[in-house]
Amino acid sequence: MKIILKIEKIITLKGISASVGIALGPIFIIENEKPLEVIKQKCSSVEVEIDKLTSSLSATQAKVLGLKSAMANTLSSEELELYDAYLEILKDPELKANTIDYIKEEKCNVDFALQQITSVYIYDLEALDDPYLRARAEDIRMLNRMLVNSIQGRLEPEIVLTSPSILVAESLSTNQLAAINTKQILGVVTAKGGKTDHIAILLKSMGIPALVGMGKAISTLKKESYLIIDCNQGMLLVNPIQEIVLQYELLKEKQFLDFERQIKFSQSKATTLSGKELSVCANVGAIEDMQKAFQFGADGVGLFRTEMCFLESKNFPTEESHFQKYTSILKEFPKALHTIRLLDFGSDKPLVYLKNKIEENPALGSRALRLGFEYYKELLKPQLRALLRLSQQFNLQLLCPMIADIKDLLEIKEKINLEFYQLINEGFEIRKIPSIGIMVEIPNIILQPQAVAKKADFFSFGTNDLAQFLMAADRTNDRVAHYLPRAKESLLFLIENFTKVAHEEGKKVSVCGELASDEECLSTFIRIGIDSLSMPPNLIPSIKEAIRNSP
Amino acid sequence: MIEKQIVIKDSVGFHARTASLFAKKAARFESDVAIVFNGKKVNGKSTLSLMTLGVKSQDEIAITVSGKDESLAMESLVTLIENNFKD
């Protein structure tokens with residue numbers, strides 16, 4: 001008897017890999033929030049409407065309290081105070097009194113009255129010239145939405161995952177992610193977003209396979225679909241045939257077993273078969289990364305990103321907030337040598353407290369130390385002071401991003417020197433200024449290695465930015481991003497050339513961009529004697545294994 | 001009725017957090033509390049009204065308190081601002 005397999009149509013969709021690994025499972029579609037529908041109606045009883053107002057205010061307060069306790073372990077105490085502010089707004093005597101007056105005057109429904117009253121506050125807030133206060137209008141909108149939903153008896157879309165699934169959404173916020181039981185998330189697929197979004201970085205560090213920037217294609221996905229996320233190829237498979245599912249299950253199993261084996265050997269240093277040693281360090285941007293760096297056997301931290309201190313703050317971060325934030329992360333791996341990269345963001349990351357001008361070309365604009373010099377007292381100084389103080393307790397070295405020439409390097413060295421002596425005068429005990437290195441990412445700095453090799457203490461290649469500057473292709477622009485991998489040969493040529501000179505001066509060179517974890521480049525790195533490679537912690541075990549198997 | 005001028009030292013001004021802390025404290029007293037800023041007078045017990053004033057860091061506001069417990073209320077509110085909204 002002939003068996004006819006029912007072959008469903010397989011669809012493969014391209015996306016951007018924002019994480020690693022393979023995920024297989026049923027789809028779970030997260031619906032977008034629907035717009036509110038509030039229509040003015042005559043009410044039969046003013047009292048009934050006022051009762052509805054009172055009960056919706058207390059129901060929403062209870063909800064906010066619930067959100068606050070749900071976030072208690074994720075947010076800092078300062079960030080949690082925002083929920084207290086929401087509670088106070090819900091208790092605002094004027095909000096209630098004005099809404100009641102409106103109901104009485106217009107004999108209308110409470111949701112309409114409330115919407116009218118809150119819109120006045122929203123209007124006033126949006127008219128302010130302070131961007132931070134202006135942004136609070138969003139908070140009032142959110143509270144209004146919660147109140148109206150409560151009055152209308154509409155349930156807010158709550159994301160409840162009862163079985164392990166692959167989430168599909170237009171976009172996913174970190175708040176939404178925090179509200180979901182992450183154990184049930186097999187993978188994430190979003191229409192919007194890029195590799196460097198906060199959510200993408202979070203998913204990668206949690207080891208959740210994710211594809212972002214899928215575009216309109218995800219609207220074709222149906223409720224009962226079965227999906228495979230393949231981050232190795234940046235591909236989503238929809239309703240694959242059984243054969244393909246089996247292949248992927250085997251691949252996933254193999255990757256899991258490989259990883260288990262690699263972790264076992266990862267705690268010791270990696271030496272090639274011919275006896276060359278190469279440090280494999282971790283790129284760290286949050287406390288979870290540091291825990292993984294330790295767990296996965298990093299030989300140190302080759303890139304400690306400090307952006308979280310700036311991007312998560314509602315005000316200019318103070319010296320104390322830098323100090324505490326870094327301490328909380330550094331103490332997860334206290335004995336390691338930590339390479340701390342100074343302030344490195346630009347106008348592509350709008351900050352509520354910084355009236356940063358919109359730039360047409362943020363990658364080439366006032367970013368990183370350029371921004372730090374521009375707002376020295378507010379941005380860079382507190383960070384430098386906090387790091388100098390921490391250098392007494394931890395083994396730190398400072399990595400300077402976006403150094404275009406010797407003048408930039410001298411400027412930052414002078415600033416660090418100044419803050420060092422200022423702290424000494426204030427009575428702080430700091431033995432010496434930490435080593436100061438350059439993030440090699442602006443082509444100008446590599447063209448004459450002799451000039452810089454003497455002046456900095458160490459060098460680290462940021463291959464992602466260097467590639468975008470070499471190819472004149474914006475790495476956040478999907479339409480030209482395919483140029484970046486094509487810079488590989490040039491990058492290796494430049495790294496080799498530069499390393500030769502740096503080594504003559506007795507300076508160490510590391511690579512911390514995407515290229516560092518590219519196994520195809522490993523033999524070149526070993527040949528030219530790169531001192532260390534730095535990468536996301538979960539890639540360390542496999543790279544260490546590859547080094548051990550290299551000649 | 002008593003009145004006092006004071007400078008807001010918080011690094012942002014009257015935003016959600018500081019406005020709510022002020023309103024919360026003001027609501028503990030019998031007396032009426034009002035804030036005058038930029039020619040606009042609002043109820044000091046209303047977080048929303050305080051936020052919409054647009055008071056920024058280093059701006060000077062006037063607090064007026066009138067009622068039975070006005071001097072204690074004024075003292076508490078001024079202390080709250082002077083301690084930069086830390087209770």
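This is a predicted model: local features need pLDDT of at least 70, side-chain atom pairs count only at pLDDT 80 or more; totals for chains, interfaces and linings use all residues.
The largest nonpolar core comprises 85 residues, among which A:Phe304, A:Ile412 and A:Leu533 touch the most other members. Helix α13 of chain A (residues 376–390) supplies the largest share of this core, namely 8 residues. Beyond its neighbours within four places in sequence, A:Ile412 is in contact with residues including A:Leu342, A:Phe373, A:Leu380 and A:Leu384. A separate, second core holds 64 residues, among them A:Leu53, A:Leu82, A:Ala113 and B:Val55.

Chain B contains 3 helices and 4 strands, arranged along the sequence as β-α-β-β-α-β-α. Of its 87 residues, 56% count as buried. Among the contacts in chain B with a separation of 6 or more, 68% involve residues 24 or more positions apart.

Because A:Arg389 lies in helix α13 and A:Glu320 in helix α11 (residues 319–330) of chain A, the pair ties together parts that are 69 residues apart in sequence. A:Arg389 counts as buried at 15% relative accessibility, whereas A:Glu320 is partly exposed at 37%.

A salt bridge also joins the side chains of A:Lys415 and A:Glu411, at 3.4 Å from N to O. Both residues belong to helix α14 (residues 406–425) of chain A and are 4 residues apart, about one turn of the helix. A:Lys415 is buried, with a relative accessibility of 19%, while A:Glu411 is partly exposed at 23%. Elsewhere, salt bridges with shared partners join A:Glu307, A:Arg341, A:Asp344, A:Arg367 and A:Asp465 into one network.

Definitions and conventions. Residues are numbered from 1 along each chain as its sequence is written. Chains are lettered from A and ligands numbered from 1 in the order in which they are written. Side-chain values use heavy atoms; hydrogens and water are left out. A nonpolar core is a set of buried Ala, Val, Leu, Ile, Met, Phe, Trp, Tyr and Cys residues joined through side-chain atoms within 4.5 Å. Buried means under 20% relative accessible area, exposed over 50%, partly exposed in between (1.4 Å probe, protein chains only). Helices (H or I, at least four residues) and strands (E, at least two) are DSSP runs, numbered from the N terminus. Contact means heavy atoms within 4.5 Å. A salt bridge is a side-chain nitrogen of Lys or Arg within 4 Å of a carboxyl oxygen of Asp or Glu.
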